[in-house]
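The stops below go one selection at a time.

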Amino acid sequence: MAIRLATEAFVLPDLLQPGLRLVICGTAAGTRSARERTYYAHPGNMFWRTLFAVGLTPRLLAPAEYPSLPGFGIGLTDLSKFHYGNDAELPVDAFDVAALRSKIEHYAPRVIAFTSKHAGLSALGKGATYGLQPVPFAGIPAFVLPSPSGQARRSWDIRVWQALADFVAAQPPGTER
């Protein structure tokens with residue numbers, strides 16, 4: 001069940017810094033991720049395997065290694081920083097698009113990618129489809145990806161993740177704003 005934490009601390013800390021080539025944004029931490037305080041912790045989630053398979057990381061990382069992602073030029077955040085659980089369990093006001101926009105404007109990564117259509121629609125509005133979006137988010141290219149969650153297998157397509165990896169690799173260094 002989704003809850004607001006009494007401490008008002010983020011469920012999972014942002015992993016953001018200047019100079020990133022990619023920021024990956026989910027909707028909210030899943031229940032297991034919140035419990036383990038680790039991004040994409042459920043073994044059925046294909047996030048870590050996919051990062052490696054498409055060449056975004058040079059080796060398969062374990063979820064607990066998420067703090068090492070900036071070393072590969074990748075940051076992590078979520079639209080909902082104070083709630084966790086399945087999307088259907090989240091309160092209607094859980095997503096803070098304005099806060100995300102502010103973070104992206106501040107850190108200025110080369111690309112942002114949303115790890116589900118729900119996240120993409122929430123941040124980008126109606127019309128968001130899988131792949132590179134025609135309109136940037138906070139002034140940077142934006143991708144919407146099929147969710148790597150085991151609960152979203154019907155929409156899974158690694159080719160969209162590969163297109164993201166290819167796009168990120170094609171961005172020349174120093175293209176951050």
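**Stop one: a loop between two helices**

Select Y40, which sits in the loop between α1 (31–36) and α2 (47–53); helices (H or I, at least four residues) and strands (E, at least two) are DSSP runs, numbered from the N terminus. This is a predicted model, in which local features need pLDDT of at least 70 and side-chain atom pairs count only at pLDDT 80 or more, while totals for chains, interfaces and linings use all residues. Residues are numbered from 1 along each chain as its sequence is written, and side-chain values use heavy atoms, with hydrogens and water left out.

Y40 has a phi near 50 degrees, a positive value in a residue other than glycine. Y40 is buried, at 11% relative accessible area. Buried means under 20% relative accessible area, exposed over 50%, and partly exposed in between (1.4 Å probe, protein chains only).

**Stop two: the loop between β4 and β5**

Now select A138, in the loop between β4 and β5. A138 is not a glycine, yet its phi is positive, about 55 degrees. Its relative accessibility is 6%, so A138 counts as buried.

Stay in this loop, between β4 (131–132) and β5 (142–144), and select Q133. Is Q133 buried or exposed? With a relative accessible area of 10%, Q133 is buried. Show its side chain: a polar atom there lies 2.7 Å from the backbone oxygen of G131. Leaving aside residues up to four places away in sequence, Q133 touches L124, G127, A128, A142 and V144, where contact means heavy atoms within 4.5 Å.

Move on to D157, in the loop between β5 and α5 (158–170). The D157 side chain makes a polar contact with the side chain of R159, at 2.9 Å. A polar contact is a pair of N or O atoms within 3.5 Å; within protein, one must be able to donate a hydrogen and the other to accept it, and residues adjacent in sequence count only if both atoms are side-chain atoms. Next, pick the C-alpha atoms of D157 and L145: the two residues are 12 apart along the chain, and these atoms are separated by 8.4 Å.

**Last stop: the whole chain**

From the N terminus the order is β-α-α-β-α-β-α-β-β-α. Along the principal axes, the C-alpha atoms fill a box of roughly 45 × 30 × 30 Å. Of the 177 residues, 47% are buried.
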